[in-house]
Structure formats: structure tokens, C-alpha cells
Amino acid sequence: MRFINIGYGNVVADNRVVSVVSPDSAPIKRLVQDAKEAGRVIDVSCGRRTRAVIITDSDHVILSAIGTETIAYRLSGNDGDEDIESEDER
């Protein structure tokens, strides 16, 4: 099992991630709201703007302040310690 840094000291198991999507569309906003009502949201954005929504195989929804491209880059097998991280965590 490999863990992916999703920002601010938080990690997620890469084999549990089903999708990483942008939070801007109306269907994703509804998905997040429905998950909040069901108690399945994990907010790891530390009070910052949500830039990625991670959907897991257990139907949990994780809100992250790290961008979708950065998380996808890290999921692809790269360590994620390059300049992309510092740019997204501002």
C-alpha cells in the first residue's frame, strides 16, 4: 500500500482512490452536499479553498486544498516534492 500526500500533512491510500475531480461543477457540488448530509465528507483543506474532491471506493468524499493536477501527478507514481506542491499550498 502506498500513501499519497494530499496536503498539510494528510495522506490517502492510493489504492482506495476512485476519482480526483474539480469542485467547480454543479454535479460535484451536489455530490459533496449529499456526502456531507450522510456524514461521509472528510475535509482536509485546513480552512483553505477546496481545489480537489477525492472520491474513494468506500464512498467517502475528501476535500483537499491541493489541485487536481498535483494529486493526479502524485498518484501516477511521482513523489510530489517538486515545486508543484509549494505553489498549490499557498
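**Salt bridges**

Guide: The count comes to two salt bridges, where a salt bridge is a side-chain nitrogen of Lys or Arg within 4 Å of a carboxyl oxygen of Asp or Glu. The model is predicted, so local features need pLDDT of at least 70 and side-chain atom pairs count only at pLDDT 80 or more, while totals for chains, interfaces and linings use all residues. Residues are numbered from 1 along each chain as its sequence is written, and side-chain values use heavy atoms, with hydrogens and water left out.

One of the pairs is R2 with D14, whose closest N and O atoms are 3.1 Å apart. This pair links distant parts of the chain, twelve residues apart: R2 is in the segment before β1 (3-7), and D14 is in the loop between β2 (10-13) and β3 (17-21). Strands here are DSSP runs (E, at least two residues) and helices likewise (H or I, at least four), numbered from the N terminus. R2 is partly exposed at 33% relative accessibility, and D14 is partly exposed at 23%; the class lies between buried (under 20% relative accessible area) and exposed (over 50%), with a 1.4 Å probe and protein chains only.

R16 and D57 also meet through their side chains in a salt bridge, at 2.6 Å from N to O. R16 lies in the loop between β2 and β3, and D57 in the loop between β5 (52-56) and β6 (61-64), so this pair ties together parts that are 41 residues apart in sequence. R16 is partly exposed, with a relative accessible area of 38%, and D57 is partly exposed at 44%.
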